[in-house]
Protein chains: 2
Amino acid sequence: MKPTKISEAVVRRLPIYLRYLNELSLSDVQTVSSQDLGEKLDLNPAQIRKDLAYFGEFGRKGVGYNVGYLIEKIRQILKLDRPLHVALVGTGNLGRALCNYNMYLKDNMKITSVFDADPSKEGVVINNLTVEPMSRLPQTVKEKEISIGIITVPAAEAQNVADRFVEAGVRAILNFAPTVIRTPEGVRIHHADFTSELLSLAYYMNHEEALDERNE
Amino acid sequence: MKPTKISEAVVRRLPIYLRYLNELSLSDVQTVSSQDLGEKLDLNPAQIRKDLAYFGEFGRKGVGYNVGYLIEKIRQILKLDRPLHVALVGTGNLGRALCNYNMYLKDNMKITSVFDADPSKEGVVINNLTVEPMSRLPQTVKEKEISIGIITVPAAEAQNVADRFVEAGVRAILNFAPTVIRTPEGVRIHHADFTSELLSLAYYMNHEEALDERNE
DNA sequence: TAGATTGTTAATCGATTAACAATC
DNA sequence: TAGATTGTTAATCGATTAACAATC
């Protein structure tokens, strides 16, 4: 009914909505308006209504959105209404840290397998997960129906790991290595590059002074 | 001379350019074209030229960009030509992992101080950094001239830590906690929320099937 | 000179915001 | 009913891309 192409920006906001709705739900809040959401999440209310309206009519005019119902709907949209399995490659400090975030994901998404190219890591247990060798990746991805991959290896190896994920049939990859990697059409790649993020923040040091020279 | 307002999207790409240029420099590549950069970084060459042209004329027509010169210029634009000090609050798994990224930052940016609200963490040494109590934050920020803050505490405490950073005079914050936090005008806040990122990837599972029903 | 590539303008594309009729 | 708030259209704003004259 709604064959419109949904933009990436919209999809990225959905988990933000979901997270806050879950909070409201825990506080037994029944109803929320786009106004409320906008204030809390620092977004324009019209944008929120528009985002949601891409997927259906979830609100009631004059009333707002039912929190529980909207949670259910967003979970459906994001395909979080059934289990989603994630594999992580690279058990350095960052990789090990992310393994401990399973609880935060809840929502049916879970890191279920961990790999490392270093043979000496094989068998190490991290947060209930046993490190597997890279040779097992294709088999494990199939057996555990893993659809998402996380890359936490050094930059030099990131593209190679991505390629292996793609061969194994993974549909989406989140890359933490500080390098641009490419995937074929149909395999989603997102970059979570904390070093670039920090460097870009440097730009805003004192630039305000130049711009706001006369802001009084 | 160029009073144009630079968009955030442009600023975010500069570190990406810089990183690849550094690689080229290590391989003794002298010159690079926007074409080359675009292919490697998966960006439109016109966009790259436009991004750079906001800040000056760094290239030579018919030739391209001198790698060393462009590195120097981008470092100047990003204010990486003088030391920038970063403080991190929250020494959980993620915080400790990020402390080990100092080497990747190089470029004059460095995590120089680490804090934790848990008194039992005081004095613990992480990657040559001694954990300080939160009470020391204002003083240390001043003394060490810290301008950027990293937040790796649980979501419930993130806003509070941000407020403390702001009071102490920090100009920009990178928040890893899975929650939206607000800062006053003039203090830059970026969110590096890995859980939202993962949840949004879920959206792309099989959506292609619906769209590409007939792609052959 | 001929070929290559920049810097920049104009065209396109897409995303955000404002406004308001519909309606709870 | 009066007040509130949605869903949606239209207006605005901004970012990306194409195109090309300038020029190395």
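Leu129(B) touches Cys99(B), Ile111(B), Thr112(B), Ser113(B), Val114(B) and Val124(B), leaving aside residues up to four places away in sequence; contact here means heavy atoms within 4.5 Å. This is a predicted model, where local features need pLDDT of at least 70, side-chain atom pairs count only at pLDDT 80 or more, and totals for chains, interfaces and linings use all residues. Residues are numbered from 1 along each chain as its sequence is written, chains are lettered from A and ligands numbered from 1 in the order in which they are written, and side-chain values use heavy atoms, with hydrogens and water left out.

Back to the residue. Leu129(B) sits in strand β7 of chain B, residues 129–133. Strands are DSSP runs of E, at least two residues, and helices are runs of H or I, at least four, numbered from the N terminus. Buried or exposed? Leu129(B) has 11% relative accessibility, so it counts as buried; the cut-offs are under 20% relative accessible area for buried, over 50% for exposed and partly exposed in between, with a 1.4 Å probe and protein chains only. Between the C-alpha atoms of Leu129(B) and Val11(B), 118 residues apart along the chain, the separation is 30 Å.

Now chain A, and an annotation. An unreviewed UniProt entry places a "binding site" at Gly90(A), Thr91(A), Gly92(A), Asn93(A), Leu94(A) and Gly95(A). Such annotations may be inferred rather than shown by experiment.

Gly90(A) is in the loop between β4 (84–89) and α5 (93–99) of chain A, and counts as buried because its relative accessibility is 5%. Its contacts, again without residues up to four places away in sequence, are Gly95(A), Phe115(A), Asp116(A), Thr152(A) and Val153(A).

Asn93(A) belongs to helix α5 of chain A. At 36% relative accessibility, Asn93(A) counts as partly exposed. Which residues of chain B does Asn93(A) touch? They are Ala97(B) and Asn100(B). The Asn93(A) side chain also makes a polar contact with the side chain of Arg96(A), at 3.2 Å. A polar contact is a pair of N or O atoms within 3.5 Å; within protein, one must be able to donate a hydrogen and the other to accept it, and residues adjacent in sequence count only if both atoms are side-chain atoms.

Last, a helix pair. In chain A, α1 (residues 8–26) packs with α3 (residues 45–53) at about 105 degrees, the axes 10 Å apart. α1(A) and α3(A) are therefore roughly perpendicular, a label covering 65 to 115 degrees; under 35 is roughly parallel, over 145 roughly antiparallel, and the rest oblique. Val10(A), Arg13(A) and Tyr17(A) of α1(A) meet Gln47(A), Ile48(A), Asp51(A) and Leu52(A) of α3(A).

Definitions and conventions: Axes are lines fitted to C-alpha atoms, for helices over the stretch in contact, and angles run from 0 to 180 degrees between N-to-C directions.
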